[in-house]
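Subject: Structure handover

Hi,

Here is the structure I promised to pass on. Please open it first, then read the notes below.

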Amino acid sequence: GRSLPLFKVTTQSKDHVNVYVNAVSGEVSAIRSNAWRTWDFLWGAHIIDYRDRDNIDNFLLKVLSILALISALSGIALFFKTFKRI
């Protein structure tokens with residue numbers, strides 16, 4: 001997702017940090033490590049966007065959000081219904 005050409009600088013640290021540098025301007029485009037890759041995977045799973053990991057407006061996320069809302073509201077309703085009996 002970055003403009004090319006890029007240079008990739010790899011470190012030998014335990015985190016395997018990669019720095020991506022724009023070949024024309026010398027600007028650092030991105031820094032990636034194992035911790036960042038784990039976070040990125042978990043973020044993609046959280047928003048249910050496995051390809052680009054930046055679209056939070058997808059159909060499956062909306063359906064699951066509505067189901068979670070219905071579940072929470074029904075739980076609250078059952079709580080108060082049970083609380084009235086006691």
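Is F83 buried or exposed? F83 is exposed, with a relative accessible area of 55%. The cut-offs are these: buried is under 20% relative accessible area, exposed is over 50%, and partly exposed lies in between (1.4 Å probe, protein chains only).

Before the rest, some ground rules. This is a predicted model, where local features need pLDDT of at least 70, side-chain atom pairs count only at pLDDT 80 or more, and totals for chains, interfaces and linings use all residues. Residues are numbered from 1 along each chain as its sequence is written, and side-chain values use heavy atoms, with hydrogens and water left out.

Overall layout

The protein has two helices and three strands. Their order from the N terminus is β-β-β-α-α. Both kinds of element are DSSP runs, numbered from the N terminus: helices are H or I with at least four residues, strands are E with at least two.

The radius of gyration is 22 Å, whereas a compact globule of 86 residues would have one near 12 Å. That radius is taken over C-alpha atoms, and the globule rule is 2.2 Å times the number of residues to the power 0.38. Along the principal axes, the C-alpha atoms fill a box of roughly 70 × 30 × 15 Å.

Of the 86 residues, 16% count as buried. Take the contacts between residues at least 6 apart in sequence: 4% of them join residues at least 24 apart. Contact means heavy atoms within 4.5 Å.

The aromatic cluster

Back to F83. F79, F80 and F83 form one aromatic cluster. Rings of Phe, Tyr and Trp (its six-membered ring) pair if their centres lie within 6.5 Å; planes under 30 degrees apart count as stacked, over 60 as edge-to-face and the rest as tilted. By this rule there are three aromatic pairs. One of them, F79 with F80, is edge-to-face: 5.2 Å centre to centre, with 75° between the planes. The F79 and F83 pair is stacked, because the ring centres are 6.0 Å apart and the planes are at 10°. F79 and F83 are four residues apart in helix α2 (residues 59-85), so about one helical turn separates them. F80 is partly exposed, at 48% relative accessible area.

A45 sits in helix α1 (residues 34-47). A45 is partly exposed, at 33% relative accessibility. How far apart in space are A45 and F83? They are 37 Å apart, C-alpha to C-alpha, and 38 residues apart in sequence.

R37 is also in helix α1. Its relative accessibility is 33%, so R37 counts as partly exposed. R37 and L67 are 30 residues apart in sequence and 29 Å apart in space, C-alpha to C-alpha. Leaving out residues up to four places away in sequence, R37 touches H16, N18, Y20 and R32.

Two loop residues

H16, one of the residues that R37 touches, lies in the loop between β1 (6-10) and β2 (18-22). H16 is not a glycine, yet its phi is positive, at about 50°. H16 is partly exposed, with a relative accessible area of 44%.

I48 is in the loop between α1 and α2. Its phi is near 55°, a positive value in a residue other than glycine. Is I48 buried or exposed? At 15% relative accessibility, I48 counts as buried.

Best wishes
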